[in-house]
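Hi everyone, thanks for coming. I'd like to walk you through a model I have up on the screen, so please have a look.

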Amino acid sequence: MFDQMAHKASSWLTAEGDEAAVVLSSRIRLARNIRGFTFPPYADPETRGNIVHFVRSAIDKSKELETGAFVSSDDVTEMQRAFLIERHLISPEFMRDQNASGLYISPDEKIAIMVNEEDHVRIQSMSSGLSLMDTLNRAMRIDDDLANSLEFDYDTDFGFLTSCPTNVGTGLRASILIHLAGLVLTKEIDSVIDHINKLGLVVRGFYGEGTDVWGNLFQISNQTTLGRSELDITESLEKITRQIIEFENKSRDRLLTEARDEIADKIWRAYGILRHARVLTSEEVMNLLSAVRLGAALKILDMVSIATVNKLLILSQPAHLQRYMGVELSPGDRDIARAKLVRDTLAELP
Amino acid sequence: MLCEECRKQEATVHFSQMVNNQRVVMNLCGTCAKRRGFSNPLKNIPFPLSDFLTSMVSESATKVDGQLTELTCPVCKLSYDTFAKTGRLGCGNCFEAYRQPLADLLRKIHGSNLHRGKRLRGGALVMEPLKEEARLKDELKKAIEAEDFERAAQLRDMVKELQEKLQAVTDV
């Protein structure tokens, strides 16, 4: 399974769907626990083992989850775990020191279910582009399917009960991954982020909580989960996202009218380095790819598609690179291999 | 470390850049960094809620004159004290054991402590109203047969109200 995945990008990053020039992906996460069992942070190995068993049989019975793979934490190496994190299928903490956890992945990687993360069940649904409603509906169908076999912890006042009080109620986190290269270049990004925060949303870097901004990629999600319906939370994120896209597009237009040569130069230089460099670090690749992605979106670079850039964002990360090469590499060798992967991918293009 | 530009203030911004394949790091103070146009767009944003959580939990515990810290969930045996330290609850029953302090805490976090989203399907949530609906319909039929139309109208309204409630329970 891992070998097949190493050669292609996740299907939720194919640059298809609405607003794909700016929005990379939409994501919905639902947190659920099974009634009568201690939550994972405090559960003993036996309870954790039982939970994996229950959820696995519920997945087996589900029509929505008929095909796909279930990976147990016992069978996952540290390198494979890093690979799953890079693919955004699991959180950085998942399967780290605790055993008796598991992961379901659908064949198209649009659904991933973590068992025994912070909650017993974490349903994740992902789509390319801005497609929050479809992504929500898919997550809801899976939730219904699992609820046919599992009795979830629920309180009529508090809603769905979760280990962390910040997830109680709907257990829903709706988020989008967005490329705001224009707003960063025009230096308007600070005021836009300020505006987003005031609307009760959270902005993070590419890898979630506490991460730096690499490649001008931002994750935007809802902060609160209780007191509003799933539809309400998701619709409001979609509405605000459309507003941010408008800001981003305006800044891109302005760059084109006011500084066309400078922007084109920046984009072509980035492309030149990617096309010919012999050593590239992950951070440098992310930042150069950001410029090339902008170039593709603005039709300044017509030989590179946004889908290719998205693919390189995932495949150039350390664990993917090593799986792609089939050997473990030192950080220095990785930078050389990364430069080769990027050169080869860009050279393959017509 | 002092700012490399003004050499007066403490350097707080460490800006790194790739120049001719060499990593160049500049250590600047906030003022000089801003003047040169370097800034981290995420630096001023509030920390995620979970970082504030443990302090919020302890706060809601001390407010109730210390008695809370001695509370323990009878099912998973998690003490409120431990919850205040870790910010993670132990099991579904903790919500029963700490209902009042949690209701306060959830209101602080979410601005509300009443769920308005998807309801749990099946079980008592649906069964009880369904049984009530069957009973009312039965009574309505009898009222019509007895030509007690005033009572029938009343019952019809009750059925309608119950069905609306049921709809809300089963709707997403």
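Some ground rules before we go on. This is a predicted model, where local features need pLDDT of at least 70 and side-chain atom pairs count only at pLDDT 80 or more, while totals for chains, interfaces and linings use all residues. Residues are numbered from 1 along each chain as its sequence is written, chains are lettered from A and ligands numbered from 1 in the order in which they are written, and side-chain values use heavy atoms, leaving out hydrogens and water.

Let's finish chain B. Buried means under 20% relative accessible area, exposed means over 50%, and partly exposed is in between, using a 1.4 Å probe and protein chains only. Of the 172 residues in chain B, 34% count as buried. Chain B exposes about 10,800 Å², and carbon and sulfur atoms supply 53% of that; accessible areas come from the Shrake-Rupley method with a 1.4 Å probe, and for residues only the protein chains shown count as cover. As for contacts, meaning heavy atoms within 4.5 Å, take those in chain B between residues at least 6 apart in sequence: 35% of them join residues at least 24 apart.

Now over to chain A, and strand 10, residues 217-222. Why call this strand largely enclosed by the rest of the structure? Because six of its six residues are buried. Leu217(A), Gln219(A) and Ser221(A) are on one side, with Phe218(A), Ile220(A) and Asn222(A) on the other. Two strands count as paired if DSSP finds at least two bridges between them. Strand 10 of chain A pairs in the antiparallel sense with strand 8 (residues 172-179) over five bridges, and with strand 9 (residues 201-204), also antiparallel, over four bridges.

Strand 3 of chain A is my next stop. Gly102(A) and Tyr104(A) point one way, Leu103(A) and Ile105(A) the other, and all are buried. Strand 3 pairs in the antiparallel sense with strand 2 (residues 69-72) over four bridges, and antiparallel with strand 4 over four bridges. Leu103(A) stands opposite Val71(A) and has Met114(A) in strand 4 as a bridge partner.

Is Ser106(A) buried or exposed? Ser106(A) counts as buried, because its relative accessibility is 5%. Leaving aside residues up to four places away in sequence, Ser106(A) touches Gly68(A) and Ile111(A).

To finish, here is one spot in helix 11 of chain A, residues 318-325, where Met325(A) sits. Met325(A) is partly exposed, because its relative accessible area is 34%.

Note on methods
Helix = DSSP H or I, 4+ residues; strand = E, 2+ residues; numbered from the N terminus.
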